[in-house]
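Trainee: Hey, could you walk me through this protein? I'd like to get my bearings before class.

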Amino acid sequence: MTQIGIVMGSDSDLGVMSKAGQMLDEFGISYEMRIISAHREADVLMEYCKEAPNRGIKILIAGAGMAAALPGMMAALCPATPVIGVPIAGNGAPLGGNDAVYSILQMPPGIPVATVAVNGAKNAAILAARILAVSDEEIAKKLTDYAAKMRDEVMEKDRKLTAS
């Protein structure tokens, strides 16, 4: 059963959001990926959010740029599902993604959206995995192994640098 829903507002966001899918693939976590515009397809977004829990979706990762309404709308429509927002600075965004950061961060009380760095889809996937790991020992082990791998990579880089 699919555990994570990855949604973006436009196909121009795919380059960023595909990194979330790649990370979830590495952890063996099932996901689905959709393009649904909060502004242009409000009815489609409402239906998606209504049905997501019935399909086993436990966490939503929503990427959006500019006005970035998608993560907040998903949080409003899915009150029992964690939503992780990915602010996107795409294709010459005039404010460099800061507009999306503020739109996703500044949610009203009662409608929380976890927010990662601009274009931080990889971290959104890792955060989603950490949420699932609370009740899944296999995912917890994969996260521990991933952290050890990153540590080893940095140590190897340091060894190469100091050996010169």
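Predicted model: local features only at pLDDT ≥ 70, side-chain atom pairs only at ≥ 80, totals over all residues.

Trainee: Okay. How many helices and strands are there?

Mentor: The chain has 6 helices and 5 strands. Read from the N terminus, the elements go β-α-β-α-β-α-β-α-β-α-α.

Trainee: And what radius of gyration does the chain have?

Mentor: The value is 17 Å. A compact globule of 164 residues would come out near 15 Å, so the chain agrees with that. Along the principal axes, the C-alpha trace spans about 60 × 40 × 30 Å.

Trainee: What share of the residues is buried?

Mentor: Buried residues account for 40% of the 164.

Trainee: Switching topic: how many aromatic pairs does a search of the whole structure find?

Mentor: It finds 1 aromatic pair. The partners are Phe27 and Tyr146, with ring centres 5.5 Å apart and planes at 80°, so they count as edge-to-face.

Trainee: Where do those two sit in the chain?

Mentor: Phe27 is in helix H1 (residues 14–27) and Tyr146 is in helix H6 (residues 137–163). They are 119 residues apart, so to speak from distant parts of the chain, and the pair links those parts. Both Phe27 and Tyr146 are buried.

Trainee: Which residues is Ile29 in contact with?

Mentor: Leaving aside neighbours within four places in sequence, Ile29 is in contact with Gln3, Ile4, Leu24, Ala129, Leu132 and Ile139. Take Ile139: Ile29 is 110 residues from it in sequence, yet their C-alpha atoms are 8.1 Å apart in space.

Trainee: What about contacts across the chain in general?

Mentor: Counting contacts between residues at least 6 apart in sequence, 68% join residues at least 24 apart.

Trainee: Now helix H3. Which of its residues are buried?

Mentor: In H3, the buried residues are Leu70, Pro71, Gly72, Met74 and Ala75. They pack against strand E1 (4–8), helix H2 (42–51), E3, E4 and H4.

Trainee: I was looking at Met66 too. What's its phi?

Mentor: Phi of Met66 is near 55°, which is a positive value in a residue other than glycine. Met66 belongs to the loop between strand E3 (59–65) and helix H3 (69–77). With 52% relative accessibility, Met66 counts as exposed, since the cut-off for exposed is over 50%.

Trainee: And Asn119, what's the phi there?

Mentor: Asn119 has a phi near 65°, again positive in a residue other than glycine. The loop between strand E5 (114–115) and helix H5 (121–133) is where Asn119 lies. Its relative accessible area is 31%, so Asn119 is partly exposed.

Trainee: Last one: where is Gly90?

Mentor: Gly90 is in the loop between strand E4 (83–88) and helix H4 (98–105). At 29% relative accessibility, Gly90 is partly exposed. From Gly90 to Ala68, 22 residues away along the chain, the C-alpha separation is 12 Å.

Terms used: Residues numbered from 1 in each chain as written. Heavy atoms only, no water. Helix = DSSP H or I, 4+ residues; strand = E, 2+ residues; numbered from the N terminus. Buried < 20%, exposed > 50% of the residue type's maximum accessible area, 1.4 Å probe, protein only. Rg over C-alpha atoms; globule rule 2.2 N^0.38 Å. Contact = heavy atoms within 4.5 Å. Phe/Tyr/Trp six-rings, centres within 6.5 Å; stacked < 30°, edge-to-face > 60°.
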